[in-house]
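Please keep the sequence and the model in view while reading.

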Amino acid sequence: MRNLTKYTVRFRAIAFFLCLLIGFASPALTSAESLNQGLGSAEDNGIKLTLNGYSIVNHGHTIRLNYTIHSNSNIQVDPYAKSLMASPHIWIEHTLVREKSDTFKKVGNNLYKGTIEAQLHQYRPENPHMTFKTHGILNQKGQWTIRFILNNADY
């Protein structure tokens, strides 16, 4: 009976180790990141929007777009604002993608970094063009449009 307890403890330790190993490996299995150092930028009314990169997460169902906003002037942002952009639109080819969330923080004088998450459609063409558009940033009207290619190898 004593040997049985000894083997049970060893089995539990091995099972625990395997669970930890799978847990550390799972982010690599569910996330892919763009290799680009920048997807593009657009500037209007002294405000520059740059898409820094993207990652595909949640088993290919969600895209995270990382962005930077830089303004030439000091524009006050409402501390309770949910987004720095007015109605951002994300298109894959000719299909509109629904935005799920937008988070941002001020990282310097007139400099903000953020992430927009959007739900991806299950069926996508190979290496589709993505278009990101907004008509307002930091309560300033304008037109910011950035196009890039979504690499199929990333999802």
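## Surface and overall make-up

The protein exposes about 10,200 Å², and carbon and sulfur atoms supply 54% of that area. The model is a predicted one. Of the 155 residues of the protein, 34% count as buried.

The secondary structure comes to 1 helix and 10 strands. Read from the N terminus on, the order of the elements is α-β-β-β-β-β-β-β-β-β-β. Among contacts between residues at least 6 apart in sequence, 57% join residues at least 24 apart.

Strand 4 covers residues 62-71. Because 7 of its 10 residues are buried, strand 4 is largely enclosed by the rest of the structure.

Strand 3, residues 47-57, pairs with strand 4 in the antiparallel sense over 10 bridges. In this pairing, I56 stands opposite I63 of strand 4. The two strands form a hairpin with 4 residues between them, and N58 in the turn has a positive phi of about 60°. Strand 4 also pairs with strand 8, residues 111-119, again in the antiparallel sense, over 9 bridges. Here T68 stands opposite K113 in strand 8.

## Strand 9 and its partners

Strand 9 spans residues 129-137, and strand 10 spans residues 140-149. These two strands run antiparallel and are joined by 8 bridges. Within the pairing, G136 stands opposite K141 in strand 10. Strand 9 and strand 10 form a hairpin with 2 residues between them; L138, in the turn, has a positive phi of about 55°.

Strand 5, residues 89-92, is also joined to strand 9, by 4 bridges, and these strands likewise run antiparallel. W91 stands opposite T131 in strand 9.

## The largest pocket

Which residues lie nearest the centre of the largest pocket? They are L84, A86, I137, L138 and N139, from a lining of 16 residues. The volume of this pocket is about 220 Å³.

Strand 9 and strand 10 each supply at least two residues of the lining. The largest share, 3 residues, comes from strand 9.

## Two residues in detail

Is P88 buried or exposed? P88 has a relative accessibility of 13%, and because buried means under 20%, P88 counts as buried. P88 is placed in the loop between strand 4 and strand 5. Not counting residues up to four places away in sequence, P88 touches E99, I116, F132, K133 and T134. The C-alpha atoms of P88 and I137 are separated by 9.4 Å, although the two residues are 49 residues apart along the chain.

K141 has its place in strand 10. With a relative accessible area of 70%, K141 is exposed, because that term applies over 50%. Leaving aside neighbours within four places in sequence, K141 is in contact with N45, H135 and G136. G136 is also the residue that stands opposite K141 in the pairing of strand 9 with strand 10. The C-alpha atoms of K141 and A86, 55 residues apart along the chain, are separated by 8.8 Å. A86 is one of the residues that lie nearest the centre of the largest pocket.

Notes: Residues numbered from 1 in each chain as written. Predicted model: local features only at pLDDT ≥ 70, side-chain atom pairs only at ≥ 80, totals over all residues. Heavy atoms only, no water. 1 Å grid on protein atoms, 1.4 Å probe; cavity = no way out; pocket = protein on both sides within 12 Å on 5 of 7 lines; lining within 4 Å. Points joined across faces, edges and corners; volume = space filled by probe spheres on them. Pairing = 2+ DSSP bridges. Buried < 20%, exposed > 50% of the residue type's maximum accessible area, 1.4 Å probe, protein only. Contact = heavy atoms within 4.5 Å. Areas by Shrake-Rupley, 256 points an atom, 1.4 Å probe, with all protein chains shown as cover.
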